[in-house]
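Good morning, and thank you for making time for this item.

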Amino acid sequence: MRKSWGAGSPEAGDGDARLVACVGRGDRHAFQELYRVYFPRLARFLGRMTRNVPLMEEIINDTMLVVWQKALTYDGSSKVSTWIFGIAYRQALKALRGLDEPVESTVEQQGGPEFEPDHALAGKQLQQGVSAALNALPLEQRMVVSLTYFHDMAYQEIADTMGCPVNTVKTRMFHARQRLKAMLSRHMEATE
């Protein structure tokens, strides 16, 4: 029976570090496991950042290539997830700088027939309002919100990921909350 070091295991952080150490020694199975664990997490993060599925997948592959090449340089001074998200963030910034076309946002509504039409419509409008408000934020503010609320990162981890001081993260979050509050208030008034 093969041991799983996935993000859901009790020793996920320790398991991730062991996986990176194995990857550093050229273990392809460890790399496949690390890729499997991090792909959905990076997809959620980069999806908010790029709003472009093919570009997101390309950035994930570029990120994991860097992880494969640089695994021996991981020194344990931060969590593995912070290290990998930092690589992904820098890869995404590089990809977005070279992008000539505008990125589009798609909002998907999930739900079954058990929803009443009024409830489903209100839910869809709220989801679209929140998504539009998040997408309207400047990139740095959007990433701070995404890493905080969708990836449960602490401010220090976000600062390490984005390569900025913790106070900058706090300032970006403050301004993001102010903008979101104003935009969502307008949205709620418009839907009433």
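**Contacts, fold and core**

Contacts across the sequence come first. In this predicted model, among contacts with a separation of 6 or more, 65% join residues 24 or more positions apart.

Let us turn to the secondary structure. The protein contains eight helices and zero strands, so that, read from the N terminus, the order of elements is α-α-α-α-α-α-α-α.

Next, the surface and the interior. Of the 192 residues, 39% are buried. The protein exposes about 11300 Å², and 53% of that area is supplied by carbon and sulfur atoms.

I come now to the largest nonpolar core, which has 49 residues. Which of its residues touch the most other members? They are Leu34, Leu42, Phe45 and Leu46. At least two residues of this core come from each of α1 (12-24), α2 (28-50), α3 (53-70), α4 (80-97), α5 (117-136), α6 (139-149), α7 (155-162) and α8 (166-191). Which helix gives the most to this core? That is α2, with ten residues. Seen by domain, the core takes at least three residues from domain 1 (12-101) and at least three from domain 2 (119-191).

With its neighbours within four places in sequence left aside, Leu46 is in contact with Arg51, Met56, Ile59, Ile60, Ala88 and Ala92.

Thank you; I welcome your questions.

Technical notes: Residues numbered from 1 in each chain as written. Predicted model: local features only at pLDDT ≥ 70, side-chain atom pairs only at ≥ 80, totals over all residues. Heavy atoms only, no water. Helix = DSSP H or I, 4+ residues; strand = E, 2+ residues; numbered from the N terminus. Buried < 20%, exposed > 50% of the residue type's maximum accessible area, 1.4 Å probe, protein only. Contact = heavy atoms within 4.5 Å. Areas by Shrake-Rupley, 256 points an atom, 1.4 Å probe, with all protein chains shown as cover. Core = buried A, V, L, I, M, F, W, Y, C linked by side-chain atoms within 4.5 Å. Domains from an automatic or database assignment.
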